[in-house]
Structure formats: structure tokens, C-alpha cells
Amino acid sequence: MTVDSQAPLTEALGTDFFSVRRRFTEAQWDTFMAVRRYVDHVVTPAAPEAWDAAEMSWDVIRGLPDLGIVGDDISGYGCPGHDPLTCGLVAMELARGDGSLATFFAVQSGLAMKAVDMLGSEEQKQEFLPAMARLDLVGAFGLTEPDHGSDSVALETTARRDGDDWVLDGRKRWIGNGSIAGRTVVWARDVETRAVLGFLVDTSTPGYEGTIIPRKASMRAVWQADVRLDGVRVPERDRLPGAESFKDAGRVLATTRGTCAWMALGAATAGYDAALRYLLDRHQFGRPLARNQIVQERLVKMLAELTGMQLYCMQIAQLAEDSDLAPTIAGLAKMNNTRKARWILGEARDLLGGNGILLDNHVMRHMADIESIHTFEGTETVQTLIVGREITGYSAFT
Ligand SMILES: Cc1cc2nc3c(=O)[nH]c(=O)nc-3n(C[C@H](O)[C@H](O)[C@H](O)COP(=O)(O)OP(=O)(O)OC[C@H]3O[C@@H](n4cnc5c(N)ncnc54)[C@H](O)[C@@H]3O)c2cc1C
């Protein structure tokens with residue numbers, strides 16, 4: 001593959017050394033290329049300024065419904081009903097451009113909409129999913145609490161039945177879109193049965209307050225919130241009937257864990273592509289940096305890891321297609337890919353020299369953003385412990 005070293009650093013090189021893309025169907029190519037064009041021409045150019053200002057790119061976000069991607073694999077209700085590979089490619093491309101945008105999308109199209117689709121009543125699906133697919137209604141997913149992250153199974157937010165309503169009290173932390181959503185899926189413990197239930201909380205209800213967490217150094221262009229729930233009244237009709245225990249929250253998270261592996265692949269691809277293009281163009285000691293053996297070795301090691309990440313992603317898509325994607329397999333893919341992406345982005349940053357720390361060169365931002373992907377939806381360590389339990393039969397964390 002010949003690389004045009006004069007093209008902008010942001011443009012995709014189409015890195016696919018093992019030709020995994022040969023397996024794409026025409027429909028998969030169409031969606032992939034439509035999202036890729038949007039990312040190259042709209043998402044990536046807007047990303048540095050939004051990241052620097054810690055503002056969400058609303059103009060860019062508003063273009064997502066026209067791509068026909070919001071709602072991922074949900075069928076009906078105005079959603080695209082994409083196959084798992086297409087969903088993965090969308091997540092990868094959005095993250096290749098902007099991790100913050102990909103995170104907004106993962107909360108809306110993944111966590112919030114999937115909670116409604118998997119656990120909601122028919123009436124709830126009809127009421128909320130079409131509006132969410134159009135982005136007329138923004139959703140959030142409130143599981144993590146100030147004192148319960150990895151052990152969110154021990155969540156302390158309470159739900160007390162009062163006539164036809166429930167009354168919610170507690171605190172949530174790190175809730176993506178929690179300050180801007182119209183509805184937040186809140187996970188709370190029934191004070192009587194101790195079971196964990198899920199509620200589609202109307203955020204305009206008195207007692208709900210979402211405050212943006214300030215001064216983040218990662219995913220700056222998407223807002224997470226501290227959420228206070230002080231006596232928030234939720235009608236029984238807004239309880240998710242399929243959410244009967246913590247396992248149901250886990251079922252939603254299991255579907256989106258693979259998405260994190262694809263997002264890590266997108267971020268790492270951005271770093272590799274930028275480094276290769278830069279090293280072909282940049283001259284030191286009278287020749288392109290790419291002519292140095294050490295530089296080539298570093299690029300090839302990056303490519304080897306990137307190719308491995310692609311193979312992980314292709315296989316989790318295939319297993320999901322076969323309805324056979326175990327949470328531990330998705331967890332291993334997330335663990336592997338975020339770890340490799342961190343390394344690739346660190347290499348890319350160094351290979352761009354001083355220019356590597358400039359936001360306009362699109363590496364440092366991904367390097368900061370991968371830290372969040374590494375942590376959210378189950379940290380690298382927690383995924384490791386879950387896989388460790390499966391292969392040894394011993395739980396090291398309960
Ligand atoms: C940008 C961002 C967006 C997020 N979006 C959402 C959202 O939309 N909704 C939501 O509900 N949550 C969200 N989260 C929360 C996220 O899921 C948690 O941050 C994550 O689960 C880790 O929890 P914690 O931060 O409390 O870390 P902790 O659980 O306190 O972990 C701290 C460290 O201890 C390690 N550790 C934990 N337990 C063990 C153990 N048993 N053995 C060894 N090591 C251990 C962890 O791996 C980690 O390294 C978001 C977080 C971030 C950063």
C-alpha cells in the first residue's frame with residue numbers, strides 16, 4: 001500500500017494488512033464508508049477545538065441520525081437493525097475520529113437505548129426508541145455511584161414504592177449525558193426486596209439534578225455528570241419491567257463491552273495512521289524518518305498489534321452474529337484492545353516528536369481519551385479478574 005504523505009494526518013489510510021475487510025458485505029461497506037466519510041470530513045476536523053474547549057460538538061452530533069446508525073442492532077422503532085459487524089465498524093470509525101463523540105454515541109445508542117429495548121415494555125419502546133433514534137430525546141445510563149464503581153453490584157441508591165409511584169434517593173457518578181438527557185436509566189435497590197430495579201427517570205422531575213464533572217483530562221468533549229436523586233417520584237409506568245435484578249443491568253453492559261474493543265481499535269488506528277504518514281513526510285538527518293530501521297521496526301510492531309486487535313474485533317462480531325458472544329470473550333477483547341491501544345498511541349505520540357503533543361495532530365487527544373475507554377464499562381483489571389475466574393474456577397474478587 002502506498003501512502004500519500006501530503007494528505008492530511010486525519011484522513012484514514014485504510015490500514016488492513018490481513019485483508020479482514022474482504023469479508024464485508026456490500027451493505028456493511030456502504031455503512032462503513034458513509035461513516036468514514038463523515039468522520040474524515042466532519043468529525044475529525046471539529047474534534048480538537050471541542051476537546052480544547054470541553055464543549056460537545058452539537059453540529060456534528062446532529063448529523064448522526066442522517067447516517068442511519070443511531071440504535072445499532074435494534075430492529076423496528078425507527079432503529080437501523082444493523083448486524084454486529086456493522087455496529088462494530090460504526091463504533092470504530094467514530095472513535096477513530098473522536099473518542100468523545102463515540103462515547104456519546106455508545107451511551108445513547110448502546111447503554112440507554114439497549115436498556116429500553118432489552119428491558120422495556122412495548123409501550124416504553126414505542127414511546128422512547130423512535131425519539132432516541134432521531135436524537136430528539138437524549139438518554140443516559142446511571143449505574144456507577146461515588147462509592148461503587150467496579151463493585152456497582154453493591155449500589156446504594158434506593159427505590160421505595162409509594163402508591164402508584166416509586167421514590168428514588170441516592171447519588172450517581174460519571175453518568176454520561178446525565179446533565180443533558182431527557183431520560184436517565186437509573187438503577188436503584190428496592191428497599192423492601194433488596195432487588196436492583198431499573199427506572200426511566202424523567203430528568204425534569206423535581207429532585208433530579210445532574211452536574212457536569214469539570215476539569216477532565218480525557219474525553220473532554222463529552223459530559224459526564226454527578227447525579228443527585230432527592231426524593232425523585234417515578235410513576236410505575238416508567239419502571240423497566242424486564243429489570244428485576246443486578247444481572248439485568250449486567251446483561252445490557254455485556255452487549256456494549258465489545259463496543260469498547262472496537263472503540264479502542266478506532267483510536268489505535270488513528271494513532272498508527274497519523275504516525276506512518278508523519279514519518280514519511282518528516283525529514284531528519286537529510287532523509288525521511290521512515291527510512292530508519294528503528295522507525296520501521298516500531299511501525300511494524302504497531303501494525304502487528306493493530307492487526308491483532310482487528311482480528312479480535314472480527315471474531316467477536318462473528319460470535320455475536322452467531323448469538324454466541326460470551327461476556328468473558330467480549331471482556332477479554334476489551335482488555336486486550338484497550339491495553340494495546342494505549343501502547344500504540346504512546347508510540348505514535350513519541351514518533352511525532354514535539355508535534356505529537358499538539359491537539360491539531362490528532363494523537364495526543366486519542367492518547368488521553370483511551371484512558372477512559374480503558375476504565376469504563378469494567379476496568380482492565382476487572383475484565384482480567386472475570387476471565388481469570390472463568391479459566392481457573394476461582395473468583396479473586398468476591
Ligand atoms: C469517561 C467515563 C464515562 C463513564 N460513563 C459512565 C456512564 O455513562 N454510566 C455509568 O454508570 N458509569 C460510567 N462510568 C463509570 C465507570 O464505569 C467506572 O469508572 C468504572 O467502572 C470503574 O469504577 P471506578 O472509577 O469507581 O474505579 P474503582 O472501582 O474504584 O477502581 C479503582 C482501581 O482499582 C482496581 N480494582 C477494583 N477492584 C479491584 C479488585 N477486586 N482487585 C484488583 N483491583 C481492583 C480497578 O481496576 C482500578 O484500577 C464512566 C467513567 C468514565 C471515566
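## Contacts and overall form

In this predicted model, among the contacts in the chain that join residues at least 6 apart in sequence, 75% link residues that are at least 24 apart. The chain holds 10 helices and 11 strands, and its radius of gyration is 21 Å, close to the 21 Å that the globule rule gives for 398 residues, so the chain is as compact as a globular protein of that length.

The C-alpha trace, followed along its principal axes, spans about 80 × 50 × 40 Å. Of the 398 residues in the chain, 48% are buried.

## The surroundings of the ligand

The ligand is surrounded by 21 residues, of which the closest are Gly149, Ser150, Gly176, Thr379 and Thr381. The elements that contribute two or more residues to this shell are strand 3, which covers 139-142, strand 5 at 165-176, helix 9 at 364-375 and helix 10 at 380-392. Strand 5 contributes the most, giving three residues to the shell around the ligand.

Sorted by class, the shell around the ligand consists of nine nonpolar residues, 11 polar residues and one charged residue. Residues of the shell come both from domain 2, with bounds 139-245, and from domain 3, with bounds 247-392, and the ligand therefore lies between these two domains.

## Two residues with positive phi

Although Asn177 is not a glycine, it has a positive phi of about 70 degrees, and its place is in the loop that runs between strand 5 and strand 6, the latter covering 183-190. Asn177 has 27 other C-beta atoms within 10 Å, and because a residue with 20 or more such atoms counts as buried, Asn177 is buried.

Phe285, likewise not a glycine, has a positive phi of about 55 degrees, and Phe285 is found in the loop between strand 10, at 283-284, and strand 11, at 287-288. Inside 10 Å Phe285 has 8 C-beta neighbours, and since a residue with 12 or fewer counts as exposed, Phe285 belongs to the exposed class.

Technical notes:
Residues numbered from 1 in each chain as written. Predicted model: local features only at pLDDT ≥ 70, side-chain atom pairs only at ≥ 80, totals over all residues. Near = placed C-beta within 6 Å. Helix = DSSP H or I, 4+ residues; strand = E, 2+ residues; numbered from the N terminus. Nonpolar A, V, L, I, M, F, W, Y, C, P; charged D, E, K, R; others polar. Domains from an automatic or database assignment. Rg over C-alpha atoms; globule rule 2.2 N^0.38 Å. Contact = placed C-beta atoms within 7 Å.
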